[in-house]
Amino acid sequence: EQQAYAHLQSIVKNRHIDIIISDNRYYFRHENIISILLCHQLSPELPKGFSLFKRQFQKRVAHLMNHFDEVWVPDFEAKNSLSGQLSINPFLEIPAIHIGVLSRFDELPASDEKEKHVLIASGPQPQLDILISEFIRIYSSTVTSLTIITSSPYNNKNTLNNVEVLVLSSDEEFAYRIQSASHIISRSGYSSVMDFIALNRTALLIPTPGQTEQEYLAEHLKKFGFSSMKQKDLLTTTSPEGLIKPKKLNLQRDIHKSLSENIKRLINEISQNE
């Protein structure tokens, strides 16, 4: 982080920079230039047993953020907040502006195809292969089709005729698979959640074991129609009927992206001050 800070100072010195937008990098800022932090974790979730340190940790995070001019939270406000307590920090001294969800997708017409189940398998090893292996086993007792979309090649040959493993490079193909799925299963990473919201879908969320943010989000998002299971509960699941099905999205959302609007606002402020 310190190297990034030093490198940025060099860039600013040699180029005419008016605005800096930092994607959750606390040291990517400059004292004399409008610096914006893009982040939804204003109060990161601590592991169980560390709750006594929460206020101290919030103060530390707020101290780093308060060097910026604003923090832009990719989320909705109040009761429609996707990030919940993660985006609330009582020690923050700069404006926190909610800019709606950020996603590579816009809402698409619903597909008539609603047969296949889709598992979006992501995350670190060995949990990634464990997740894929468990779902191949679960679907071994059914003729229901399952498409597994993963970010890296899966070399295990013990797959089934009704299970397809894909590595997709096209956003269009990914969106089509999501829209044509009858049921979606995924990790509960925040970027994935925002993509689902943009496509007006929900999913069964299975947080990566040990990732406290994902575990919190999986529980919090139940009120919007998502469902949740722990990965260890898959061990006793013998068929797709044992999976907890999500409901339809229950969210008063304004999918309009205001990122560009806030950038225009800052440009206007700079122009007026020149």
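The following questions and answers go through a predicted model of one chain.

Student: What should I know about the numbering and the model before starting?
Tutor: Residues are numbered from 1 along each chain as its sequence is written. The model is predicted, with local features needing pLDDT of at least 70 and side-chain atom pairs pLDDT 80 or more, while totals for chains, interfaces and linings use all residues, and side-chain values use heavy atoms, leaving out hydrogens and water.

Student: What percentage of the 274 residues count as buried?
Tutor: Relative accessible area decides this: under 20% is buried, over 50% is exposed, and in between is partly exposed (1.4 Å probe, protein chains only). For the 274 residues of the chain, the buried share is 46%.

Student: Is the pair of F105 and F174 stacked or edge-to-face?
Tutor: Rings of Phe, Tyr and Trp (its six-membered ring) pair if their centres lie within 6.5 Å; planes under 30 degrees apart are stacked, over 60 edge-to-face, and the rest tilted. The count by this rule is three aromatic pairs. In one of them, F105 and F174 have centres 5.7 Å apart and planes at 5 degrees, so the pair is stacked.

Student: Where in the chain does F174 lie, given that its pair links distant parts?
Tutor: F105 is in the loop between β4 (96-98) and β5 (117-121), and its partner is 69 residues apart from it. F105 counts as buried because its relative accessibility is 6%, and F174 counts as buried because its value is 10%. The place of F174 is helix α4 (residues 171-179).

Student: Which residue lies over the face of F174?
Tutor: A charge sits over a ring if NZ of Lys or CZ of Arg is within 6 Å of the ring centre and within 35 degrees of the ring normal. At 4.7 Å from the ring centre of F174 lies R104.

Student: Which helix gives the most to the lining of the largest pocket?
Tutor: On a 1 Å grid over the protein atoms alone, a pocket is an open set of points with protein on both sides within 12 Å along at least five of seven lines, a cavity is a set where a 1.4 Å probe fits but cannot get out, and lining residues have an atom within 4 Å of a point. The largest pocket is lined by 16 residues, with K48, P207, E215, Y216 and K230 nearest its centre. Five lining residues come from helix α6 (residues 212-220).

Student: Is L217 buried or exposed?
Tutor: L217 lies in helix α6. Leaving aside neighbours within four places in sequence, its contacts (heavy atoms within 4.5 Å) are L82, S83, L86, S188 and Y190. Because its relative accessible area is 0%, L217 is buried.

Student: Which strand gives the most to the lining of the largest cavity?
Tutor: The lining consists of H117, Y139, H183, I184, I185, L204, L243, I244, K245 and P246. Three residues of this lining come from strand β8 (residues 183-186).

Student: How exposed is K245, with what relative accessible area?
Tutor: K245 is in the loop between β10 (227-228) and α7 (259-273). Leaving aside neighbours within four places in sequence, K245 is in contact with H183, S227 and P240. K245 is partly exposed, because its relative accessible area is 34%.

Note on methods. Helices (H or I, at least four residues) and strands (E, at least two) are DSSP runs, numbered from the N terminus.
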